[in-house]
Structure formats: C-alpha cells, structure tokens
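Please work through the following exercises with the sequence and the model side by side, trying each task before reading its solution.

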Amino acid sequence: GRPHGVLVGNLEEDRAAITCLCLADDHTFFATGAEDGAIKVWDSAAVTAPGSSGGGMRVGAGAGSKLAYSLPGKITAMAACHGTMALAAASDTGAMHVLRVDAPA
C-alpha cells in the first residue's frame with residue numbers, strides 16, 4: 001500500500017521551492033537549498049523531539065534559519081562535508097561553494 005505520514009514540522013522562511021537538503025554528521029544543523037539560489041542553515045535543536053501534547057515534532061521559538069547565503073542560479077546539489085562543520089553546494093550555473101558553519105560559543 002501507500003505510505004502514511006503526519007506533518008511534523010513546517011519551516012516557511014524560504015521564498016522559492018526547496019531543491020536540496022543535507023544534514024550535518026553530528027545532526028547539529030541541516031541546510032536547505034532553493035530554486036532562487038538561497039542556502040539556509042537551520043539549528044536542529046530548534047526542531048525538537050516528539051512533544052508531550054499530541055506527539056509529533058514542534059518548532060521552537062528560535063526556529064528561524066541561523067545562516068543565509070546565496071549562489072547564482074538554482075541549487076542543484078548539497079552535501080555535508082564528513083568530519084567537519086562545512087557543507088558544499090552547487091548551482092545550475094556551474095558554481096560550487098563550500099561553507100563553514102561555526103557553532104555558537
């Protein structure tokens with residue numbers, strides 16, 4: 001049969017369609033890439049484990065993106081760089097950038 005699911009969170013900050021998503025090795029952050037070239041880094045702790053009221057995930061008060069960056073063109077690929085706090089992103093223009101994500105002190 002068809003898979004079943006429940007919406008557990010909805011981060012609506014992006015203006016264009018999301019084309020890519022990647023998760024850091026240590027799960028401290030995840031990043032989204034979009035059709036308009038926007039890359040946003042999100043704090044995984046802002047989206048918490050199942051809550052006590054009704055289950056599912058809840059979006060915390062500080063759930064907005066923590067870093068925004070832009071490449072020319074549509075983001076076509078993203079990957080977390082293993083063992084680092086960095087991610088690589090590529091666009092349909094041929095541009096490829098590596099971003100380091102600094103953890104808060």
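**Exercise 1: the surroundings of Ser44**

In this predicted model, a polar atom of the Ser44 side chain lies 3.4 Å from the backbone nitrogen of Phe29. Determine where Ser44 is placed, whether Ser44 is buried or exposed, and which residues Ser44 touches.

Solution. Next, take the relative accessible area of Ser44, which is 16%; because buried means under 20%, Ser44 counts as buried. Finally, list the contacts, leaving out residues up to four places away in sequence: Ser44 touches Leu23, His27, Thr28, Phe29 and Phe30.

**Exercise 2: strand S3 and its partners**

Find which strands pair with S3 and in what sense, and state how many residues of S3 are buried.

Solution. Start with strand S2 (residues 29-34), which pairs with S3 in the antiparallel sense over five bridges, with Thr32 standing opposite Lys40 of S3. The hairpin of S2 and S3 has three residues between the strands, and there Gly37 takes a positive phi near 90°. Then turn to strand S6 (residues 67-70), which runs antiparallel to S3 and is joined to S3 by four bridges; here Ala38 stands opposite Ser70 in S6. Lastly, five of the six residues of S3 (residues 38-43) are buried, so this strand is largely enclosed by the rest of the structure.

**Exercise 3: a charged pair**

Identify which side chains meet in a salt bridge, and decide whether the two residues are buried or exposed.

Solution. The structure holds one salt bridge, in which the side chains of Asp102 and Arg100 meet at 2.8 Å, N to O. Both Asp102 and Arg100 are exposed.

Note on methods: Residues are numbered from 1 along each chain as its sequence is written. This is a predicted model: local features need pLDDT of at least 70, side-chain atom pairs count only at pLDDT 80 or more; totals for chains, interfaces and linings use all residues. Side-chain values use heavy atoms; hydrogens and water are left out. Buried means under 20% relative accessible area, exposed over 50%, partly exposed in between (1.4 Å probe, protein chains only). Helices (H or I, at least four residues) and strands (E, at least two) are DSSP runs, numbered from the N terminus. Two strands pair if DSSP finds at least two bridges between them. A salt bridge is a side-chain nitrogen of Lys or Arg within 4 Å of a carboxyl oxygen of Asp or Glu. A polar contact is a pair of N or O atoms within 3.5 Å; within protein, one must be able to donate a hydrogen and the other to accept it, and residues adjacent in sequence count only if both atoms are side-chain atoms. Contact means heavy atoms within 4.5 Å.
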